[in-house]
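Please keep the sequence and the 3D view at hand while reading.

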Amino acid sequence: MSESNEKYEKMFRFFVNNNCEKVIRFISLFVPDRLSCEELASDVFMSIWLNREKLPDLNVINNYMLTVARNKALNYLRDEKQETLDLDTCTIDIFRYTETTPESIYISKETVVELNKAINELPHRTKLAFTLVREQKKSYKEAAEILSVSVKTVEKQVAVAVEKLKEKLRRKK
Amino acid sequence: MEKDFSSLASKILSGEATEQERETLRQMLHESEDDALLFNEIKEYWDAKVVTDRNMQASVDEKIHSRIKGSVAQSRRNNFINSFWRAAAIFLLLLSCGTIYYYNAYPSHTYMYATQGAISDYILGDSTKVKLNKYSSITFTSSFGKNNRRVDLSGEAYFEVTKDAAKKFTVRTQDTETTVFGTEFNVLSDKKSKQVTVTLSKGSVGFEAYKCQTLLHPGEEIVYDVVSGDYNKQITDLQFNTAWTTGRYLYSDITFGEFIRKLEHIYHIRIDIDYPDIENKVITALFLVERPIGEILSALKDELKFKYRETDEAGIVIEKSK
């Protein structure tokens, strides 16, 4: 028993290694505080670890993982009794703790900063949909499931974000 | 009806566009240079890598590791007790419902804190502070703080023990016991060289092992050889032995060979020296804990005229440079 456990543990560590960034990134969209963010991310992985026997293969639990992350983050905000529970008025900077590196053919690093700022001005739900589709490479359908909204909504939100980018870039000229 | 730029572009970037939509955008970009440039700019922003702070990742990884270690220890205990109760039947269901109460009822549940590639701080039940060096672990049972304060150590740790004259605090490692009532000290248990080094910052500690029973005073350290039972007590410069707790490593006037053995221990990596003359050169080195090993070696390589390369087994070989 202990040998297979060890083997699974190794696999799981590998899984954590591969997905850590995704989960931290996703939780940081809700929770501004760095330490809480780390704590919640480790909670997400622990709940996967503890439920390992009930879950399908580690490879296919990607969406489940982000759904758990969302719930943990929202529960945390609820417990903290923060007003930010209303996702639409949430004003946290979604690019905190990150670095965005463009290829610098068409746009400069400075432009990226400005575009990040523009994205940050969007309603929170729009930011979430945009990040899931853009960074986490989710399909509209997957993003819709994670955020419990309709596919049409995600589609509209991503378009709004792109529109915002367009405005910003046009105004620069 | 012409679909607008943003909704088309967003669908294409998301990989959700139909063939027809792709064709429409292609047309649009073909007709207008402005739109084409704009699309390229947005696409570059879209594709740009967004990287999360590495330190946060490392910290989460660390947390998971120690929590899993804890839960594995729990489940082993769990299995043992389960089979015991299965024989006695009846209460099993009730018990597995209330795991937490259940553990409290069984004093010998084991906890473990373990680190990988980063130093970590822990606070024990008696508010004793433990700073655990890389690749180290401490284990203790749930009776910790009740009738004893005993931990098992593997690797290296710095302890700031909360005073409790009634209950001594004991660190066990490689068949040695270091006992204190309330003080600050460092224990380094090196399994490779079979040595245990205890360094005392404040107060007094008792050190006990086979053929050895002695008391240390502040500023003293003892180096005990586990195999022979030989030991050596000496006045030490505290800064050197405890520098790692402040995120630095400091080695003064040691030979290169010794230094490399320390690096092997710190970085958990095998380093072979294929350049005998270099081993006895004396060096002094100060470096930060989180620097990668390559950086440390490359800082020394010109002065000492060596080169190094990685082996297939993820070790390092040091050779004479031409």
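In this predicted model, strand E16(B) and strand E19 (residues 316–320) of chain B run parallel to one another and are joined over four bridges. Within that pairing, Asp274(B) has Glu319(B) in E19(B) as its bridge partner. Both strands belong to an open sheet of three strands in chain B, ordered E16-E19-E18, in which the pairing is mixed. Its edges are formed by strand E16 (271–274) and strand E18 (306–310) of chain B, each of which pairs on one side only, and from one strand to the next the twist averages 20°.

In general, the strands of a sheet pair through backbone hydrogen bonds, and they do so either parallel or antiparallel. The two pairings are set out below.

| Strands | Sense | Bridges | A bridge pair |
|---|---|---|---|
| E16(B) and E19(B) | parallel | four | Asp274(B) and Glu319(B) |

The contact between the chains takes 40 residues from chain A and 30 residues from chain B. On the chain B side, H1, H3, strand E1 (49–52) and helix H4 (54–88) each supply at least two residues, and H4(B) gives the most, with 10 residues. The residues on this side of chain B divide into 14 nonpolar, eight polar and eight charged.

Helix H3 (residues 33–47) of chain B deserves a separate look. H3(B) has 15 residues and reaches 21 Å from its first C-alpha to its last, close to the 21 Å expected at 1.5 Å a residue. Its buried residues are Leu38(B), Phe39(B), Glu41(B), Ile42(B), Tyr45(B) and Trp46(B). They lie on the same side of H3(B), because they cover an arc of only 165° around the axis. On the other side of H3(B), Glu33(B) and Asp47(B) are exposed. The buried residues pack against helices of both chains, namely H4 (109–120), H5 (124–134) and H7 (151–171) of chain A together with H1 (5–14) and H2 (19–31) of chain B.

Chain A itself comes to seven helices and one strand, which run α-α-α-β-α-α-α-α from the N terminus on. Of its 173 residues, 35% count as buried.

Note on methods: Residues numbered from 1 in each chain as written. Chains lettered and ligands numbered in written order. Predicted model: local features only at pLDDT ≥ 70, side-chain atom pairs only at ≥ 80, totals over all residues. Buried ≥ 20, exposed ≤ 12 C-beta atoms within 10 Å, placed from the backbone. Expected span 1.5 Å × (residues − 1). Arc of directions from axis to C-beta. Contact = placed C-beta atoms within 7 Å. Nonpolar A, V, L, I, M, F, W, Y, C, P; charged D, E, K, R; others polar. Pairing = 2+ DSSP bridges. Axes fitted to C-alpha atoms, helices over the stretch in contact; angles between N-to-C directions.
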